Amino acid sequence: MSLCGWFKIFKRKNAVNASDADSESSGPDEDRVGNKGRRTAGSKGGKGGDKRKDGGSAANGSRNGAEKNVGKGKTKVKSDGTVSEDDWEEGETDADADAGSDEGNPRNKTALKPGHSLMHWIRLGNSGVDLAGTGGKVRPVNYAELAQHNKPDDIWTAIRGKVYNVTRYLDFHPGGIDELMRGAGKDATKLFDEVHAFVNYESLLAKCYIGPLRSTGVLHLVPEEPAESSFLKPPTPSVIITPSSPSIRTLKANSANSIASSSSEESTSKAAPVVPRFDWIQKTAEVTFIFYTKALCNPAVVVEFVNNLEFNVRIFLEGNVRHRYQFQVANNLQWPCTVRQSLEAGKVELVFNKLLPGLWTSYGQMEHERSENYPLELYEYDVATRLEITHDSCALLLRPKNNSILQVIPIGYHLSISGTVADGQVVTRSYTPVPASAIPTDCPATFVPLLVKTYQHGGLSKHLTRPVPLATSLQLSQPSGSFSLAKLKHHNRIALLAAGSGITPMLALLNYLLERSSNKMESISLLYFNKTEADIWCREMLDNLCAKDKRLTVKHFLSEAESQSATGSPNTSRPASSSSSPPATPAASSTTITEADSRPSSSAAAALERGRISLAVAQQLTNVDSPLSATFVCLCGPKPFNELSCQHLEQAGFNMSHVHSFQG
């Protein structure tokens, strides 16, 4: 999902001032032999920032007017839009994350009644109860009818042209009844975007869906005559349209009153829906199942192993569409499979080893199902490995129960993670998984790698990173997000701005950009903002990338660095964590990674500077003569960091349509 927001923060009443930013944020084909296989129609239809970091979002919202509790002090937004100095750009706060959200909009939270957690809501939705109150029928709703359902015992609300009956959801909403009532009986899209812009509400409220929102209005195409002469004229032809209808210049009044009705959603032309196509090929020792989507589709994929002869595949595409494939294969397979993904070609390959080598005459049978507005899915995981990487951060490997789930996380997407903390409350936060190469140990294919920062009052972060016992029975959602790789297609000079744990969505993006074959990158600039050198994540990996590929430039900006170490001279840097420690076994383990001087030579290491995000930095990105010049910018950090970055970019004349901010 990006589903956080609606269910992710659980906080007792009147604990507004105890906030803690605990929200995280957040191949070429081989030559094959044997049976080419038969091509099958894979489907008949066409889902697809941040702060998902444990240290981010409580740094965002307003407290007591324009004053914000951030870091170890206060950050104030002045009347001219600037932000006073503090340490928010590192994404490090001592505020209670229970008052924040991964979207960066802290809100007052209420203590949920027993039996009203996210898991209980999902169970209620799957119990067969008619949450929509329509008997399973989908029907259109107009504004007048919507407005009638605005009482606590009868609440309908509309989001992006879809009407939901949220009456039963009242007691499950972490923000409380009053917060949900703000959108009762009306189109709450604007309100929703202000607080929950990246929440996967379509999955969360799938069983509450009533139907599309319809509206009409009267627009006169001929200027009205003065009132005193109007009785001499026949009625003025008019066209009844919705605000989202095409331009009136394309409409003609063929009669006194012609009616055109549409959804309140934008009716701009959209590309044809993605319809995955299925194929398979084999070698003597392995068989490959292939799903063709489209170039730069960036789908989420979940593979579920049932037994040696059965497995399921779920592909999540834009538009909240899920394609589900159930396979019964002809012969026994070994688990886990290997996933190969070509984002530029729009292809996902699942490679299984055969239990007994040999060529098959058929792969077996496959059933396909296409779903829209599918219900939320959760998978149970345990922390298998915990590695301390800095003084307050850990690398975690999450292992699925029975090791039967393999998730492919799209670039820039995140997972919602729920856990039962010490006081018995279920807390949900969003975290962005990182590439396996960012974890200083071996990562099995089915494990989910995370980098998590621990906060003193952080409910879930302390639970996830505790050394003994390792956390168990965590509930993970399927991947959610809104980042589109297609936006970067025509850009080959890209800048990535990250603050603190905001580096997490940049790591997978960085790997993709360096390996991109079409419109190869000319330059990539990563500007990484932290307090001190001790707070830098993945420093050795970034230095190695710089040494390997001269197109990449990494600069570290340190707000609390001592002057002698933040001079821009890499050779004064503190040694980074070594990745040469013994790899952890798949069994649960907890380890501290010791430091070793194994970094590349100073000529390849990233530069260190003392400072923060500023107009001068933004001007380097817009100056075509600067080595940091970029035509597209991705940024991720606490909301004040993102907002100030955008403000400086706009002041520097950057095209803001070429900026993507990971907000959650």
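Biologist: Hi! What do the buried residues of α8 pack against?

Modeller: They pack against α7 (504-515), β28 (523-530), β29 (552-558) and β31 (607-610), where contact means heavy atoms within 4.5 Å. This is a predicted model: local features need pLDDT of at least 70, side-chain atom pairs count only at pLDDT 80 or more, and totals for chains, interfaces and linings use all residues. Residues are numbered from 1 along each chain as its sequence is written, and side-chain values use heavy atoms, leaving out hydrogens and water.

Biologist: How many residues of α8 are buried?

Modeller: Seven of the 10 in helix α8 (residues 539-548), with buried meaning under 20% relative accessible area (1.4 Å probe, protein chains only). Among them are Arg-539, Glu-540 and Asp-543. Helices here are DSSP runs (H or I, at least four residues), and strands are too (E, at least two), numbered from the N terminus.

Biologist: New topic: which way do the residues of β25 point?

Modeller: Val-448, Leu-450 and Val-452 point one way, Pro-449, Leu-451 and Lys-453 the other, and all are buried.

Biologist: Why the two directions?

Modeller: Side chains in a regular strand alternate between the two faces of the sheet.

Biologist: And what is the bridge partner of Leu-398 in β25?

Modeller: That's Val-448. Strand β21 (residues 393-400) pairs with β25 in the antiparallel sense over six bridges; pairing takes at least two DSSP bridges.

Biologist: Last one: which residues of α9 meet α10?

Modeller: Leu-615, Ala-618 and Leu-621 in α9 meet His-648, Leu-649 and Gln-651 in α10.

Key: Buried < 20%, exposed > 50% of the residue type's maximum accessible area, 1.4 Å probe, protein only.
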